There are 2 protein chains.
Amino acid sequence: MTISPLALPFPALPAIAGVTIGTACAGYKPWTRDDVSLFVLAPGTAVAGVTTRSLCPSPEVELCRFRLPGGRARALLVNAGNSNAFTGAAGRTVALAQSERLADLLGCPADMVFSASTGVIGVPLPHDKALAGIAAAHAALGTADWLAATMAIGTTDTFPKAAIVKAMIGDTAVTLLGIVKGSGMIAPDMATMLGFVFTDAAVAPPLLQQMLTESAARTFNAITVDSDTSTSDTVLAFATGAAGNTELASRDSAGADAFAAALTDLCRQLALLVVRDGEGATKLITVSVAGADDDAAAHAIAMSIANSPLVKTAIAGGDANWGRVVMAVGKAGQRADRDRLSIRFGTTLVAADGAVVPGYDEAPVAAHLAGDQVEIAVDIGLGEGRARVWTCDLTHGYISINADYRS
Amino acid sequence: MTISPLALPFPALPAIAGVTIGTACAGYKPWTRDDVSLFVLAPGTAVAGVTTRSLCPSPEVELCRFRLPGGRARALLVNAGNSNAFTGAAGRTVALAQSERLADLLGCPADMVFSASTGVIGVPLPHDKALAGIAAAHAALGTADWLAATMAIGTTDTFPKAAIVKAMIGDTAVTLLGIVKGSGMIAPDMATMLGFVFTDAAVAPPLLQQMLTESAARTFNAITVDSDTSTSDTVLAFATGAAGNTELASRDSAGADAFAAALTDLCRQLALLVVRDGEGATKLITVSVAGADDDAAAHAIAMSIANSPLVKTAIAGGDANWGRVVMAVGKAGQRADRDRLSIRFGTTLVAADGAVVPGYDEAPVAAHLAGDQVEIAVDIGLGEGRARVWTCDLTHGYISINADYRS
């Protein structure tokens, strides 16, 4: 596996008070690497989550959705190498059995155990391996660090992905730390995206959920690698409260805005790491849209551009093919007026008022496209709607990876 | 340019009474091939059309939309190598000038001239070349055959595409003949899809429009190469009436059903030829969906499967990866119940009731996928909605073609 040319180094990460980690090898595939990760959380830890909008979700996703309204978590367990999705009654049985076995080991209600699985679709998680894996990870509690855990949740990832942000809540410093795996929120079916955020802040569960939902809309839900939505995408946030701040109870609580900003910052960093590991990616592309009817329209137009195979192959080839951007705006299904449209690559205005700008010089655009970070900005010229999304280019690497992944 | 492995031979095509063809080289690109095609139509010819749903259409598309309600055509002119799209006032001026010059040459109202242009976006059609090209094609009237015309409307096509169907209206034999260019209805921005149908039948314009709209919904609008919708897609149908049948005036006219069936047959043949020339295509994929809430839901699910890069790369690799089909059903946004879903590849039932079938044998599926025509059938298990769409696989060829098309 070649490491993505867009990879970033793994950051230095401290322990988060209230979180203990253990990893183990259940052997879901014929490998010796750890593939079960266990995160035990202090009593009282708040939990929030967002899950895939797929209508064919995995049983782990269904369990998360069922348990999230309780608002409290004692453990997170993650299986890598097998997504347990589309496995019928057998899949549901093993997902439930694994979380109940862990609840027994920890002496907590099963409804406080959250789980996620990632990997091949259609093969039930092997029952014996799943239970033995949990027992081994439990026995190893306290021996694993964040890097080990991040490696253990990965599948086709080419580098381990994590980020950290600090914030002040009143006089209390709190830490928000996240790990993530996958090659897209809208992603390959086996490299489904999982993201986990841990903080020592004290945050009431309903507020944590509100803030996570808002952050995800502008970060995880604003990235795309290949327009394909997985059956298992899950982002969970855990707040142990060990930092000792006065619990954030509402958006009006002192420090809530700072925490929300830090959470969005963290989620954006994690989301961009996923794009940086997009299958076959060689360029990170930022698509900004302004002047649409409203923010939702701007998001739809931005996603139409970011999901266009023709735009993505043009960027891969270093081709300032703004005609393909026009095409993607036109097919987005949102109100647009060809004769008010303007397009920038980097800082260069390429087209305005429905035509290429007079005396357009492609040289600075070609120089911008030769780099590994490309910015496309479109102004629709109609309203105040804005959005920003991120994607990567579409290369031979994507085809090579996906034309024979399963074998 | 390598000819698509899915190419079909060009059929033997007769003249259509009431249609005279001339082609010429305007030199829209530095080439010597003909790139202007002129089809002069007998007085009284009925016309109908469907155009791209892009909100950034070319001026030629706008002219067609403006003129179609008139219902009568005397000429069709097609420019290849330059789409004239997103060219502002200059583009509108040259499109109008070209059709008005042709109207002068023919002595007919400009509103009876229909035009289409295909090629690079963003460069106005050169005014002098456009007018000289029309004059040359007019001077060449009667010297070109269907093959010459089909070659002259092509851009990145790897083979010329045409089809023919005959029908009986009462005792009168009529011929429907179509030519098409492009690599997808939902297509590369420069190899935009154009399709033209010519018949000697007499059909009232409103009925011709109704029948073309219905046929296109099940044929041209049911194909996808890469999910990208062009700014110039246009299908026009011309009925000269030279066959002498009693004019078809409504769906209740004797022979109208036979003509509609022939028109749909012809459009499907033309649409499939476009998929067969899909950029990089090595396999023709038929996706059938049954059991959805309604036909529209079934179409949306089928398109979600047909547009999934992961499904298309799996087929390219000969991988019976039905998990990716589950993923695509799940992301389609239509009602689905994971536990009622069944999936077939070819004639083999792979998954049913939310899980792989007991004793599933991949061997017959692998054999099916090794061929160049692949069938994926999904039953949602909820209702009576049905749809069928066509696409091709996604290969290294697509990346190679599109990562440096413009240069």
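In the predicted model described here, strand β12 (residues 348–352) of chain A is joined to β13(A) by two bridges in the antiparallel sense, where strands are DSSP runs of E of at least two residues, helices are runs of H or I of at least four residues, both are numbered from the N terminus, and two strands pair if DSSP finds at least two bridges between them. Within this pairing, A:A352 has A:A355 of β13(A) as its bridge partner. Residues are numbered from 1 along each chain as its sequence is written, while chains are lettered from A and ligands numbered from 1 in the order in which they are written. Because the model is predicted, local features need pLDDT of at least 70 and side-chain atom pairs count only at pLDDT 80 or more, whereas totals for chains, interfaces and linings use all residues.

The pair belongs to an open sheet of six strands in chain A, with mixed pairing and the order β13-β12-β11-β14-β10-β15. At its edges stand β13 (355–356) and β15 (385–392) of chain A, each of which pairs on one side only. Helix α6 (residues 256–276) of chain A packs on this sheet, touching β10 (284–292) and β15 of chain A, and its direction makes about 45° with that of β15(A); axes are lines fitted to C-alpha atoms, for helices over the stretch in contact, and angles run from 0 to 180 degrees between N-to-C directions. Two residues are taken to be in contact if their C-beta atoms, placed from the backbone, lie within 7 Å. The loop between β13 and α10 (363–370) of chain A holds A:Y360. This residue, A:Y360, is partly exposed, with 16 other C-beta atoms within 10 Å; a residue is buried if 20 or more other C-beta atoms lie within 10 Å of its own, exposed if 12 or fewer, and partly exposed in between, with C-beta atoms placed from the backbone.

A further open sheet in chain A has four strands in the order β1-β2-β4-β5, again with mixed pairing. Its edges are formed by β1 (19–24) and β5 (113–120) of chain A, and since each has a single partner strand, one side of each is left without a neighbour in the sheet. From one strand to the next, the twist averages 10°. Strands β1(A) and β2 (residues 36–41) of chain A run antiparallel and are joined by six bridges, and A:T20 has its bridge partner in β2(A) at A:V40. Helix α3 (residues 127–139) of chain A lies across β1, β2 and β4 (75–82) of chain A and runs at about 50° to β2(A).

In chain B, β1(B) and strand β2 (residues 36–41) pair over six bridges in the antiparallel sense, with B:L38 of β2(B) as the bridge partner of B:G22. Five of the six residues of strand β1 (residues 19–24) of chain B are buried, so this strand is largely enclosed by the rest of the structure. Strand β5 (residues 113–120) of chain B is likewise largely enclosed, because seven of its eight residues are buried. Eight bridges join strand β4 (residues 75–82) of chain B to β5(B) in the parallel sense, and the bridge partner of B:N82 in β5(B) is B:V120. Together with helix α2 (residues 88–106) of chain B, β4(B) and β5(B) make a right-handed β-α-β unit; a crossover is right-handed if, with the strands pointing away from the viewer, the path from the first strand over the helix to the second runs clockwise.

The loop between β4 and α2 of chain B contains B:N84, whose phi is near 60°, a positive value in a residue other than glycine. Most residues other than glycine have a negative phi. B:N84 is buried, with 32 other C-beta atoms within 10 Å.

The largest nonpolar core has 273 residues, and those with the most contacts inside it are A:I301, A:I305, A:V329, B:I301, B:I305 and B:V329; a nonpolar core is a set of buried Ala, Val, Leu, Ile, Met, Phe, Trp, Tyr and Cys residues joined through C-beta atoms within 7 Å. When neighbours within four places in sequence are left aside, the contacts of A:V329 include A:I301, A:I305 and B:C56. In chain A, buried residues make up 61% of the 407 residues.
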